[in-house]
Amino acid sequence: MTRLTRSTALLAGAAAFLVPIAAMAQDEHQDEATGVETVRTDEGEIVVTARRFVPSGAITASKTTAPLIETPQSVSVVSRDQIDLLNFVDVQQAVRYTAGIVGENYGPDLRFDFLKLRGFIPVQYIDGLQAPISSTIANVGVDLYGFEAVDVLKGPAGVLYGTTPPGGIYNLTSRRPSAQFGAELQAKYGTDDFKQIAGTVTGALADGLNARLTGLYRDRGSQVDFVNAKRAYFAPAVSAELGPDTEITALGYYQWDRVNGDTNGFLPAVGVLYPNPVGEVRRSVNLGEPDYNYYRRSQWGIGYELTHRFSPALRFTQNTRWGEYHEYQQIIYPAAVWPATEALQADNRTLTRSNFPFKDDTWQFTIDSRFDANVATGPIEHRILLGLDYRNYRERSAYAFLSATSIDLFDPVYSTTPIPAPTSLTPFTDQKLKQTGLYVQDQAKLGGFILTLSGRNDWMTIDNYATGALYPKTSLSKFTWRVGGTYVTEAGIAPYASYATSFQPIVGQTFDGQAFSPTEGKQWEVGVKYDARGLGDGVKLFATAAVFHIQQSNVLTNDLNHTGFQVQTGEVVSKGVEFEVVTRIRQQLSINASYSYTDARVSKSNNPAEVGARLAAVPQHKASLFVDYTMAKGALAGLGAGFGARYLSDAPGIQQSVAGQDLFVAPATTLFDATIHYDIPGWRFAVNGTNIFDKRYAARCEGATNCFFGQSRQVIGTVTKKF
């Protein structure tokens with residue numbers, strides 16, 4: 001049986017399980033377990049309830065249940081209710097209206113979520129545990145439909161999560177079982193032959209035993225010619241009460257991806273950023289080999305969350321997951337072959353191409369165990385967190401880089417004979433990492449003031465098998481910490497200030513054989529949060545404003561005395577301002593608004609021309625607003641519409657020297673989105689449009705033939721049946 005038929009059979013089984021149970025659903029469809037609900041009142045009003053549209057908490061921020069307003073650091077939460085109402089398909093789309101983070105850095109990538117957070121690439125976590133990411137990509141592309149929320153923790157997070165970038169992390173929280181029955185079946189169809197069917201069902205199997213089953217199958221094209229992508233996702237979850245104070249939830253997922261014909265860009269800057277005397281490059285042009293290029297991926301994870309209450313004041317939590325990730329691609333794409341430096345030839349239409357097969361496999365076991373205690377010392381209330389986590393990670397990757405035939409940019413003719421795949425690949429990475437972290441945190445509360453003190457020490461070993469004696473085994477110990485203060489007023493206004501640190505190890509060594517030290521990050525942040533607690537039950541609002549300054553040291557820079565080697569005398573500084581508001585008023589009006597100013601630059605380098613250069617794919621300004629309104633009364637009750645605008649200022653595609661900063665800069669762009677939807681009890685019909693005016697723009701240009709178009713106009717219709 002092929003992977004496709006296996007995945008289809010799993011989804012068919014999920015549907016077969018869902019349908020008979022659905023018949024037992026109540027007519028009112030009031031199920032918190034499936035997010036957005038629609039009811040008709042006795043007065044005939046249609047009320048679309050999204051209880052969690054506006055966030056109030058995120059365990060990612062402190063690994064406790066402390067409210068967001070008490071956390072002295074910026075955290076944005078994109079809830080399942082927001083995802084459903086705005087019809088986001090992946091994480092890249094989900095952060096479109098979130099401050100401080102930018103997605104779709106390579107346009108509409110069908111495999112990964114490419115993000116930049118406060119100037120840096122954030123690392124992906126799933127249920128509080130790091131995903132089995134590779135050494136080249138910081139996420140695994142797991143499908144958004146399987147998750148309840150996306151938490152974006154901004155700034156250094158080393159004190160709770162160990163090795164993290166200074167810009168922050170993002171965490172996906174899996175859909176959990178509920179004792180209350182709930183189910184949905186959803187179908188989508190749209191631009192580029194986008195087809196998807198998905199569903200989730202949850203409920204009690206017996207007293208103290210609840211389950212959820214989530215599945216998805218997607219078959220879609222792309223804005224690039226001759227590209228097709230298929231995905232199957234399957235996620236079971238079971239929770240069991242082992243006693244009055246003990247509960248365990250088993251969580252698993254499996255995802256399978258198959259992309260055929262994809263090059264995802266690699267277009268020349270002449271014709272994308274700059275005029276080409278021959279003509280304008282089509283957004284849909286495929287410069288690879290549709291019958292040869294492909295991408296294959298399978299990944300899975302299985303683990304559990306165990307909680308035990310020793311008393312009302314003391315709780316133990318343990319999360320663990322074993323996961324694997326496997327991918328293989330073979331791709332012919334425009335690239336110069338040495339000794340040439342440019343792929344685009346003098347006629348401005350002929351492109352030299354290369355053949356780049358790549359294989360990557362990762363295996364990972366992670367576990368995080370922690371005690372959460374509430375104690376008092378006189379008038380001071382303490383929420384104390386004490387935890388120990390462990391990660392055992394192995395990665396092997398290999399590649400080949402071969403020459404291929406040329407192609408015409410404006411009239412591509414593909415190979416008429418089969419192209420043999422490489423018989424062998426060159427090892428790229430073969431490393432094993434073991435990391436143990438011990439952390440402690442005290443959130444001391446006196447009246448409205450909360451003082452947060454956190455500290456952590458990590459012990460890590462890295463074995464590099466592929467490089468032999470060149471990079472011997474590395475061992476290190478690193479301490480990170482955070483301190484912050486928050487004052488929460490009775491009106492729900494909370495000014496705060498914090499200082500936090502982080503680190504990331506670097507594989508390699510200097511010319512004289514010294515192993516590289518980890519890069520180090522530190523951040524000052526001052527801000528204010530507001531939860532509108534005094535505005536009444538009909539108004540849910542969470543607003544944040546923050547000013548931050550991040551410094552990353554021990555950054556690699558070229559060794560001027562030894563060609564081909566690097567030293568750690570570089571430094572990067574990112575500073576900025578962020579504003580964000582999420583509100584839902586009387587379950588009719590929803591507003592998502594944000595503004596970010598991020599100035600991320602090289603502050604120290606051995607090359608004086610690089611000092612002051614902006615970091616890649618980081619627009620200085622990002623502004624967004626989405627407003628959605630649903631009518632509750634009259635003949636049009638249940639009908640709603642929304643409109644959004646997004647602005648991104650220009651952004652360099654690569655970190656360039658100051659003198660060459662204008663070479664590959666994606667210009668500023670403004671994009672518009674819209675939705676129209678109709679809700680009645682048990683049903684939701686929606687049509688969502690992205691880039692509705694079909695603005696042609698470059699998402700990123702990394703070089704002369706490394707340009708990527710942004711998402712063209714995309715319209716997707718969705719029908720959702722709630723049970």
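## Salt bridges

The count of salt bridges here comes to 41, where a salt bridge is a side-chain nitrogen of Lys or Arg within 4 Å of a carboxyl oxygen of Asp or Glu. Before we meet some of them, please note that this is a predicted model, in which local features need pLDDT of at least 70, side-chain atom pairs count only at pLDDT 80 or more, and totals for chains, interfaces and linings use all residues. Residues are numbered from 1 along each chain as its sequence is written, and side-chain values use heavy atoms, leaving out hydrogens and water.

Let's start with Lys445 and Glu70, whose side chains meet in a salt bridge at 3.5 Å, N to O. This pair links distant parts of the chain, 375 residues apart: Lys445 is in strand β20, and Glu70 is in the loop between α2 (59–62) and β3 (75–79). Helices (H or I, at least four residues) and strands (E, at least two) are DSSP runs, numbered from the N terminus. Lys445 is partly exposed at 29% relative accessibility, while Glu70 is buried at 17%. For these words, buried means under 20% relative accessible area, exposed means over 50%, and partly exposed is in between (1.4 Å probe, protein chains only).

## Two further pairs and a network

Glu305 forms a salt bridge with Arg176, with the closest N and O atoms 3.5 Å apart. Glu305 is in strand β15 and Arg176 is in the loop between β9 (168–174) and β10 (182–190), so this pair also links distant parts of the chain, 129 residues apart. Both Glu305 and Arg176 are buried.

In the pair of Lys478 and Glu520, the closest N and O atoms are 2.2 Å apart. Lys478 is buried, with a relative accessible area of 18%, and Glu520 is partly exposed, with 30%. Salt bridges that share partners also join Lys63, Asp368, Arg370, Asp389, Arg456 and Asp458 into one network.

## Around Thr317

Thr317 sits in strand β16 (residues 314–334) and is buried, with a relative accessible area of 7%. Leaving aside neighbours within four places in sequence, Thr317 is in contact (heavy atoms within 4.5 Å) with Glu305, Leu306, Thr307, Asp368, Ser369 and Arg370.

## A disulfide and a hairpin

A disulfide is a covalent bond between the sulfur atoms of two cysteines. The search of the whole structure, which takes cysteine sulfur atoms within 2.5 Å as a disulfide, finds 1. The disulfide joins Cys701 to Cys707, with an S to S distance of 2.0 Å. The link of Cys701 and Cys707 is right-handed, with 120 degrees about the S-S bond. Cys701 is buried at 0% relative accessible area, and Cys707 is buried at 0% too.

Strand β34 (residues 698–701) and strand β35 (residues 707–709) pair in the antiparallel sense over 3 bridges; strands pair if DSSP finds at least two bridges between them. The bridge partner of Ala698 is Phe709 in β35. Together β34 and β35 form a hairpin with 5 residues between them.

## Two loop residues

Gln587, in the loop between β26 (566–585) and β27 (589–604), has a positive phi near 55 degrees. Gln587 is partly exposed at 22% relative accessibility. Ala617, in the loop between β27 and β28 (621–630), has a positive phi near 60 degrees, and Ala617 is buried at 7%.
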